[in-house]
Amino acid sequence: MARILIAEDEDALRALCARALASEGHEVKSACDGSEALDLLAGEQGRFDLLLTDIRMPLMDGIALALAAARDFPDLTILLMTGYADQRERAHGLDAIIHDVIAKPFTVGVLRATINEALAVRARF
C-alpha cells in the first residue's frame, strides 16, 4: 500500500482521515500544519507516495506546502482539500503540481475513492 502524509490543522478531521486511510492498509503520518509536514517530508527524504493537505492552515498554508513539496520532491502526488471557495480558486493555478482538490465536507467514501484514484494514476507513470 501507499505511504501518505496528511497536513490538516483540525485535530478531529486529521484523525478521521488518518484512520480511514490506515484502515485501507496505507501507512499514514500526519502533521498539524504545513511547516510540520514539510519537516516530515524532509526528514523522510520525500519517501511518501501522496500528500493530502488542507489549503487553509496556520504557519504555512497548503499551497505554500504544495509548492515547496513539488519543488523538492517532484514525484510526490499532491491532493488539496478545502471548505472555502476562494481557496479553491487559488488552487486552480497549481494544476501542473496538484492532482485534485477535495471539497470539504466530504465523506470517508469520497476520501478513499479520491486517494485510490490519485494513487492509480501515479502507478501508471
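**Exercise 1. Find where Thr114 sits, decide whether Thr114 is buried or exposed, and list its contacts beyond its sequence neighbours.**

*Step 1.* Locate the residue: Thr114 belongs to helix α5. Helices (H or I, at least four residues) and strands (E, at least two) are DSSP runs, numbered from the N terminus.

*Step 2.* Look at its accessibility. Thr114 counts as buried because its relative accessibility is 15%. The cut-offs are these: buried is under 20% relative accessible area, exposed is over 50%, and partly exposed is in between (1.4 Å probe, protein chains only).

*Step 3.* Collect the contacts, meaning heavy atoms within 4.5 Å. Once neighbours within four places in sequence are set aside, Thr114 touches Leu79, Asp100 and Ile102.

Before you go on, a word about the model. It is a predicted one, in which local features need pLDDT of at least 70 and side-chain atom pairs count only at pLDDT 80 or more, while totals for chains, interfaces and linings use all residues. Residues are numbered from 1 along each chain as its sequence is written, and side-chain values use heavy atoms, with hydrogens and water left out.

**Exercise 2. Describe the order of helices and strands in the chain.**

*Step 1.* Count the elements: the chain has five helices and five strands.

**Exercise 3. Work out whether the radius of gyration of the chain agrees with that of a compact globule.**

*Step 1.* Take the rule, which is 2.2 Å times the number of residues to the power 0.38, with the radius itself taken over C-alpha atoms.

*Step 2.* Compare. For 125 residues a compact globule would have a radius near 14 Å, and the chain has 13 Å, so the two agree.

*Step 3.* The C-alpha atoms fill a box of roughly 30 × 30 × 25 Å along the principal axes, and 48% of the 125 residues are buried. Of the contacts between residues at least 6 apart in sequence, 65% join residues at least 24 apart.

**Exercise 4. Explain how many disulfides the structure holds and where its Cys17 and Cys32 stand.**

*Step 1.* Recall the test: a disulfide is a pair of cysteine sulfur atoms within 2.5 Å. The structure holds zero of them.

*Step 2.* Check the distance. Cys17 is in no disulfide, and its nearest cysteine sulfur, that of Cys32, is 15 Å away. Cys32 is likewise in no disulfide, with the sulfur of Cys17 as its nearest, 15 Å away.

*Step 3.* Look at the surroundings. Cys17 is buried, at 0% relative accessibility, whereas Cys32 is partly exposed at 33%.

**Exercise 5. Find the backbone features at Gln45, Leu59 and Pro105.**

*Step 1.* Start with the background: most residues other than glycine have a negative phi, and most peptide bonds are trans.

*Step 2.* Turn to Gln45, in the loop between α2 (34-43) and β3 (50-54). Its phi is positive, about 55°, although Gln45 is not a glycine. With a relative accessible area of 56%, Gln45 is exposed.

*Step 3.* Finish with the peptide bond from Lys104 to Pro105, which is cis, with omega near -5°. Pro105 lies in the loop between β5 (100-103) and α5 (108-124).
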